Amino acid sequence: MEKWTPKHEAPEPLEGPVVATITGGTILWFVLFLVQLPFYGWFADHGHTWWLWTCLAGAGLGLIGIWYVRGRDAALKRAAAESAADASDG
């Protein structure tokens, strides 16, 4: 079997409101956790407490994601500003 090789260049990644998307998702996970929290007894009785902890884990990982994408966004803006400054100087 022949190894698969691409026949064309990969497209550029899409850029969008990444920070807002990750923040919205994090808020959604936390709200889902809070909505399910009053029903902890029912979840415990039916063996579904992992639903709550999944939502809490999603919110926690989302906080890490917000920190990461904000740093990435700042780095991209710095690089663009340096590139523009270099282009205007030279």
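User: Buried means under 20% relative accessible area, exposed over 50%, partly exposed in between (1.4 Å probe, protein chains only). Where does aspartate 73 fall, buried, exposed or partly exposed?

Analyst: Aspartate 73 is partly exposed, at 29% relative accessible area. This is a predicted model, where local features need pLDDT of at least 70 and side-chain atom pairs count only at pLDDT 80 or more, while totals for chains, interfaces and linings use all residues. Residues are numbered from 1 along each chain as its sequence is written, and side-chain values use heavy atoms, leaving out hydrogens and water.

User: Which residue does aspartate 73 form a salt bridge with?

Analyst: Lysine 77. Their closest N and O atoms are 3.4 Å apart. A salt bridge here is a side-chain nitrogen of Lys or Arg within 4 Å of a carboxyl oxygen of Asp or Glu.

User: How many residues apart are lysine 77 and aspartate 73 in helix H3?

Analyst: Four, so about one helical turn separates lysine 77 from aspartate 73. Helices are DSSP runs (H or I, at least four residues), numbered from the N terminus.

User: And lysine 77, buried or exposed?

Analyst: Lysine 77 counts as exposed, at 57% relative accessibility.

User: How many salt bridges does a search of the whole structure find?

Analyst: Two. Besides the lysine 77 and aspartate 73 pair, the side chains of arginine 72 and glutamate 15 meet at 3.1 Å, N to O.

User: What parts of the chain does that arginine 72 and glutamate 15 pair link?

Analyst: Distant ones, 57 residues apart. Arginine 72 sits in helix H3, and glutamate 15 in the segment before H1. Arginine 72 is partly exposed, at 33% relative accessibility.

User: What other ring does phenylalanine 43 pair with?

Analyst: Tryptophan 51. The centres are 5.4 Å apart and the planes lie at 65 degrees, so this pair is edge-to-face.

User: Of phenylalanine 43 and its two partners, what is buried?

Analyst: Phenylalanine 43 is buried, at 6% relative accessible area. Tryptophan 42 is partly exposed at 43%, and tryptophan 51 is partly exposed at 33%.

User: Which residues do ring pairs link into a cluster?

Analyst: Phe30, Phe33, Tyr40 and Trp53.

Key: Phe/Tyr/Trp six-rings, centres within 6.5 Å; stacked < 30°, edge-to-face > 60°. Helix = DSSP H or I, 4+ residues; strand = E, 2+ residues; numbered from the N terminus.
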